[in-house]
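Student: I would like to learn how to read a structure that I have not seen before. Could we go through it together?

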Amino acid sequence: MNIKGKHYKTIWLHPNNENIVQIIDQRWLPHQLVIADIKSVDEMCTAIKDMWVRGAPLIGAAAAWGMYLATVEVPASCARDFFFEECYGKLLKTRPTAVNLKWALDEMLKSITGNDSIIESRWYGKTRAEWISADDIKVNEQIGNLGAQLIQEIAAKKNGVVNILTHCNAGWLATVDRGTATAPIYKAKELGLPIHVYVSETRPRNQGAQLTAWELLENDIPHTLIVDNAAGHLMQNNLVDIVIVGTDRTSRTGDVANKIGTYLKALAAFDNNIPFYVAAPSSSIDFNMRNAFKELIIEERNPDEVKYVQGLENNQIKQVLIAPEATPAINYAFDITPAKLITGLITENGICAANEIGITGLFPGK
Ligand code: MRU
């Protein structure tokens, strides 16, 4: 993605020092673009847990690079594979909902264990983490091409601007590049299609307001920020043609866990006959999960994220309290949208119905 004319991925290996992984530290956006150096597995755990990096595919890529760092820091004297398994466990505990985390960690563990030397483990680790990052970009481009066709069809029927609603940040910043839900938007722009995006702010951490709005602004995509609660009203008033969101974990039966508030948008879209699509790379499909409502762990984060809001005042980033300090709050980070409310899943292999037949039809090996 280009920021002020310079291309950035969200994570990369330091160009002059292969012991360091660099990330865009998203905590300070949109006000400051900060690049952070990550030098150890523990630092990567903090970066994922405290959301310096976030978004399911990027969590996966960050965990992969975390495992690469394990091969950098493994003491020569210790049982290598045991050390790698410990690092796997630490990284796996960082955030529970996005399945990309486990997917990437499993891929990495296979690559870095069972080797004859640290040098070999390190080489395989670097190659695998590079592959996971590159694959994310390729997959997102495929999702972009397929999703843009949906936008093109609406544009042709409507003969006017296509209004797309998205929630949270399933954009470039949630992946290594391009984004999942935003990939069709970027592709539509490249194709010259008339588009406009409604960005829902996404309380409590405001990924929509802070990240998606910034991304779209930097990329010259017409957009408007709305409060989360405005989505239903917009839909009732014919102001939304299509909803495209991301996913942290999609069950093999097509239920979708995504940022809290996604379910309410799906309900409103269903009630107003508006197509509701989920951009779902296969790395975020949990092919082993049948009943998301019973099996999925919904992350609960610090209640202070609900009670405090971060913003800029006199050029300084500050947190302000917006509720009585003593009021208890609860902070579920994700909800589950049942498959019946979803028009389709946009995967890298095609667009399918949100059900087992649709999903396994596109991924027969699974
Ligand atoms: O808590 P976050 O910011 O990691 O949540 C992110 C989302 O819910 C995204 O919509 C999802 O990960 C898909 S990202 C392509």
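Predicted model: local features only at pLDDT ≥ 70, side-chain atom pairs only at ≥ 80, totals over all residues.

Student: How many residues surround the ligand, and which are the closest?

Tutor: A residue counts as near when one of its heavy atoms lies within 4 Å, and here 18 residues surround the ligand, the closest being Arg54, Ala56, Arg95, Asn258 and Lys259. By class, this shell has seven nonpolar, seven polar and four charged residues.

Student: Which parts of the chain supply the shell around the ligand?

Tutor: Helix H2 (56–73) and strand E11 (256–259) each supply at least two residues of it, while domain 1 (2–135) and domain 2 (145–362) each give at least three.

Student: How far is an oxygen atom of the ligand from an N or O atom in the side chain of asparagine 258?

Tutor: A polar contact is a pair of N or O atoms within 3.5 Å, and for asparagine 258 the distance is 2.7 Å. For the side chain of arginine 95 it is 2.8 Å, and a polar side-chain atom of lysine 259 also lies 2.8 Å from a ligand oxygen. The protein covers 100% of the 420 Å² of accessible area that the ligand has on its own, and the space taken by the ligand is the largest cavity.

Student: What should I look for in the backbone?

Tutor: Most residues other than glycine have a negative phi, and most peptide bonds are trans. Here the peptide bond from leucine 29 to proline 30 is cis, with omega near 5°, and proline 30 belongs to the loop between strand E4 (21–25) and strand E5 (34–38). Asparagine 159, in the loop between helix H5 (118–158) and strand E6 (162–167), has a positive phi of about 55°.

How values were computed:
Residues numbered from 1 in each chain as written. Heavy atoms only, no water. Polar contact = N/O pair within 3.5 Å; in protein donor to acceptor, adjacent residues only side chain to side chain. Areas by Shrake-Rupley, 256 points an atom, 1.4 Å probe, with all protein chains shown as cover. 1 Å grid on protein atoms, 1.4 Å probe; cavity = no way out; pocket = protein on both sides within 12 Å on 5 of 7 lines; lining within 4 Å. Sits in = over half its atoms within 2 Å of the grid points. Helix = DSSP H or I, 4+ residues; strand = E, 2+ residues; numbered from the N terminus. Nonpolar A, V, L, I, M, F, W, Y, C, P; charged D, E, K, R; others polar. Domains from an automatic or database assignment.
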